[in-house]
Amino acid sequence: MKIRFILIQNRAGKTRLAKWYMQFDDDEKQKLIEEVHAVVTVRDAKHTNFVEFRNFKIIYRRYAGLYFCICVDVTDNNLAYLEGIHNFVEVLNEYFHNVCELDLVFNFYKVYTVVDEMFLAGEIRETSQTKVLKQLLMLQSLE
Amino acid sequence: MPAPIRLRELIRTIRTARTQAEEREMIQKECAAIRSSFREEDNTYRCRNVAKLLYMHMLGYPAHFGQLECLKLIASQKFTDKRIGYLGAMLLLDERQDVHLLMTNCIKNDLNHSTQYVQGLALCTLGCMGSSEMCRDLAGEVEKLLKTSNSYLRKKAALCAVHVIRKVPELMEMFLPATKNLLSEKNHGVLHTSVVLLTEMCERSPDMLAHFRKLVPQLVRILKNLIMSGYSPEHDVSGISDPFLQVRILRLLRILGKGDDDSSEAMNDILAQVATNTETSKNVGNAILYETVLTIMDIKSESGLRVLAINILGRFLLNNDKNIRYVALTSLLKTVQTDHNAVQRHRSTIVDCLKDLDVSIKRRAMELSFALVNGNNIRGMMKELLYFLDSCDPEFKADCASGVFLAAEKYAPSKRWHIDTIMRVLTTAGSYVRDDSVPNLIQLITNSVEMHAYTVQRLYKALLDDISQQPLVQVASWCIGEYGDLLVSGQCEEEEPIQVTEDEVLDVLEGLLVSNLSTPVTRGYALTAIMKLSTRFTSVNRIKKVVSIYGSSIDVELQQRAVEYNALFKKYDHMRPALLERMPIMEKTASNGPTEIVQTNGEAEPSVVEAKHPPPVTQPTNQANDLLDLLGGNDVVPVIQTTVPTKPASAGGELLDLLGDLSLSGGPAPAPATSVPSSQPAFLLDGLTSPPLFNDIAAAGIPPMTAYNKNGLKIDFTFERANPNPNIAVITIHASNSTEADMTDFVFQAAVPKTFQLQLLSPSSNVVPALNQGTVTQVIRVLNPQKQQLRMRIKLTYTHKGSAVQDLAEVNNFPPQSWQ
């Protein structure tokens, strides 16, 4: 019932964000990243957004050249997490003002902050976009 | 030392690298610079350096030398330092490094910091990667923060508590008092996280579950407010207010209501309300509906609600969005067991999903279709499923084929339909069917006596078309071997009979033997089929030639068969007709377990193959012994999981022939000796050992009797009743020898009148030791559906003091209880 990891990858397989909520070794992590990339990039529009992967499930959505993947348990509500992904992307969009991949690259530590504002300990934490944005702006002012 | 370059510069530089090698070089250079900078203990640029390090780590390069630096950053007072430090900790450290324990103190201090953002950072880090030791140490702090008035912190604290509970379940009680007021929050965020916390606690501990049941009314009220209250812009997603919270509450309700009547009743209304009022045009609404459906299915809801849920799922199936269809199919699969009728209504939609493009939808639809097949819709469904089998990917074919077989066996409306279906499967997906389908099919064919001519004709035609599909070829060659006479005689009521000559048939079979496509197993089938035809066809010479050629084949299996068949021609020609007679009808017993046995009428079918199978060391080298083993011996064909009941009456015909032969010296009476296909070695070996089934059947208290007592050989019968079927009497014979010489090669055979059926299991041994030193036991099962008086004719053969002895006897003195 929890999120195992959140992954943002581009089509080439480069990781733009990897947030792990479970313990893995470094090489395990690398292997997982590669496997997820392999599974997700071969699917096109006529496939569903859910893939069964090892004994978990991956819910992913493609935005331009980036794949946003969330790995959850098999029993979780797929559609709800799909909404969660979209919520997250909308926040990123607002925060970076029409976000593109380069924004995520150059400001990777800020992206992690956004993730931490919205997800914590493997669960969705805050769903209100306005609140999250307010927090982020405050944090930014402290820098 | 010049100031280290800024993060942006580094990123830009790295991105300009055109090859992997160039990039690696740049990174190494930068890493060296960072390392020397760390050594200098420079506070001002530490933050920048660690940030660069983290970027390089994200690209996949090792960065563990930065771990300590992260800790130093966390200890610093500046917010930016702390932020990068915690980020670094979350990325680079995990509970397997001992270094992380050093963080504990820092986090503790930060949890009590004045700025809420610092506290938030600390909570976040703890919640993401806190190890059990850290959690234990810091749980108190977290709990304190749960009670603060700052909602920002409460949210984080709640989820942090979830993490703590996951790591250290014993600490759950600590958070209990704080949860009392959680649900009366107005702040959605806090409410959401509290619900998550409660869910986690309920899942982990049944006591908590019972404790929190009293919260159900409160939860229901919250949910109601969410739906009813108008427009709340903050948490609104596409017009639905805070769907995430709704989903979470529904899930908690599901856990609380499972198995509990009161709570379930309290929830019924609200569930119905959510189900009807939620808008389904967007994914959001569907997400909520899906969760509602799952909840309705799990709790003890009233039937009207369940039907509503299944209708929602049915509506999902018609949705254009394949995600939703997938989700619907998965849930329907779960509910089809319990609410079978309701799901039936959506059968046509499900069948349509078989044609979907997405692989996972197809698979789900296939599983669901098989679950929905019943006696009424079998024809239609089968048509669709066979069409699917034609066009689906190879990975589905095996499952689909076995599903089709199972369904066909359970619900076949007629024999001919059944055989047609199986043939269709074999021709389209022949190479993907499972191994045990070949014996199943063979059994089915022998059972449908009237279809033999039709079957063999169709199989022959299929063979002419294509010999690459092994299971089809095996079944076809077996049938041709058995019913070849019907084939050439050209009688067939069901179809246009084709004109086939014996030579053509033999051509086909020989073609199988030499073809590269045939596996060794298939070749074995083909050779045996040719042999069987020797009694059914007139042109024996050609067969003799073939058999003798294969006597020197490289394949040991074929060679052995050929050599033994050769021996049949030469030395035992008088036995050949009887040995190669038609197989009796194999009955199927209701089965649900590993000790299933197929009953045969008359004698056990000895098998050529069986005698050859491992362990070969027990092979008697004497040819004569081989045959005697064949005749006397053994048993039967295995494990077939079906529920087709035994058909006693139809077996009568076979028995008639067999009984008539009893007095002939031409061959052992009811002993059709055809080879059982070698594809069932494992099962045959199972059959070799007497199943222990009968040991635990309560003896019905029937007195034992002596059936035969002559020339020192005494045979006693002891009785038991077979438990599952009171019509079956289980007789164990005990043969003892009171003379001074052993009786070797002891074979016991029995036959019963038409109205009974007999099954003979394997004897404990072939040697009856002298002077009553031991007994040979063998188990007989007699099915007596008409409860007539049991009579038996027995035939004994053995070698005593060097001479072979044969004797026939009738046993009439069965005690009445044995057959009543």
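The exercises below treat a predicted model with chains A and B.

Residues are numbered from 1 along each chain as its sequence is written, while chains are lettered from A in the order in which they are written. Local features need pLDDT of at least 70, and side-chain atom pairs count only at pLDDT 80 or more, whereas totals for chains use all residues.

**Exercise 1.** Describe the secondary structure of chain A and how much of the chain is buried.

Solution. Begin with the elements, where helices (H or I, at least four residues) and strands (E, at least two) are DSSP runs numbered from the N terminus: chain A has five helices and seven strands. Next, read them along the sequence, which gives β-β-α-β-β-β-α-α-α-β-β-α. Finally, take burial, meaning under 20% relative accessible area with a 1.4 Å probe and protein chains only: 65% of the 143 residues in chain A are buried.

**Exercise 2.** Characterise chain B by its elements, burial and contacts.

Solution. Chain B holds 36 helices and ten strands, and 58% of its 820 residues count as buried. Turning to contacts (heavy atoms within 4.5 Å), take those in chain B with a separation of 6 or more: residues 24 or more positions apart account for 70% of them.

**Exercise 3.** Locate where confidence in chain B is lowest and highest.

Solution. Using pLDDT, the predictor's confidence in each residue from 0 to 100, the mean for chain B is 74, with 83% of its residues at 70 or more. Confidence is lowest in helix H33 (residues 608-612) of chain B, at a mean of 36, and highest in helix H2 (residues 20-39) of chain B, at 86. Over residues 589-700 of chain B the pLDDT is below 50, although this stretch has 234 contacts in the model beyond near neighbours in sequence. Where pLDDT is low, the predicted coordinates should not be read in detail.

Key
Heavy atoms only, no water. Buried < 20%, exposed > 50% of the residue type's maximum accessible area, 1.4 Å probe, protein only.
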